[in-house]
Amino acid sequence: MLLSFLRIRAIINGKEIYPLVNSKPVVIKVEENNPKLVITDGFHFTQPVELVYHHLNTYYFKVVCVIGDFQLMAGGFLLAFLYLMGFYSGIFLVKLFSFSPILYLLFLYYFNRKEFIQITPV
């Protein structure tokens, strides 16, 4: 779900840029051997993946995010639950602790830049 808000692009050999549309397969034809593939949203970059065409002529990849849908929903639920508990009980420390899911997700987004977007084989 988080990747649907980002403009994900595939870069082949640092020259050719292909936009990746949400949940739709994209076919990229490469004429030369050993191309390097990088996936980016402009802020996050994956490690370059070198494709070798000795054994396979076609590669299938899926672009995933470190923050999964379940983790994002659980963080939102935990934030709301803890804040409401702090609001009704009046304990400031519980309200303050309710923002820990946001801090964790922001840590993954900003400080874990090289592993935020990942390429996984299908």
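Tutor: Helices (H or I, at least four residues) and strands (E, at least two) are DSSP runs, numbered from the N terminus. This is a predicted model, where local features need pLDDT of at least 70, side-chain atom pairs count only at pLDDT 80 or more, and totals for chains, interfaces and linings use all residues. Residues are numbered from 1 along each chain as its sequence is written, and side-chain values use heavy atoms, with hydrogens and water left out.

Student: OK, where is Thr40 found?

Tutor: Thr40 is in strand E3, residues 36-40.

Student: Is Thr40 buried or exposed?

Tutor: Thr40 counts as buried because its relative accessibility is 2%. Buried means under 20% relative accessible area, exposed over 50%, partly exposed in between (1.4 Å probe, protein chains only).

Student: What is Thr40 in contact with?

Tutor: Skipping neighbours within four places in sequence, Thr40 is in contact with Arg7, Ile8, Arg9, Ile11, Phe45 and Ile117. Contact means heavy atoms within 4.5 Å.

Student: Switching topic: which residues of H1 are buried?

Tutor: Gly75, Leu82 and Gly86 are buried in H1. They sit on the same side of H1, because they cover an arc of only 45° around the axis. That arc is taken from the directions from the helix axis to the C-beta atoms.

Student: What covers the buried residues of H1?

Tutor: The cover includes helix H2 (92-97) and helix H3 (100-110).

Student: And which exposed residues are on the face turned away?

Tutor: Phe70, Met73, Phe77 and Tyr88 are the exposed residues on the face of H1 turned away from its buried side.

Student: What follows H1?

Tutor: Gly90 does, with a positive phi near 80°.
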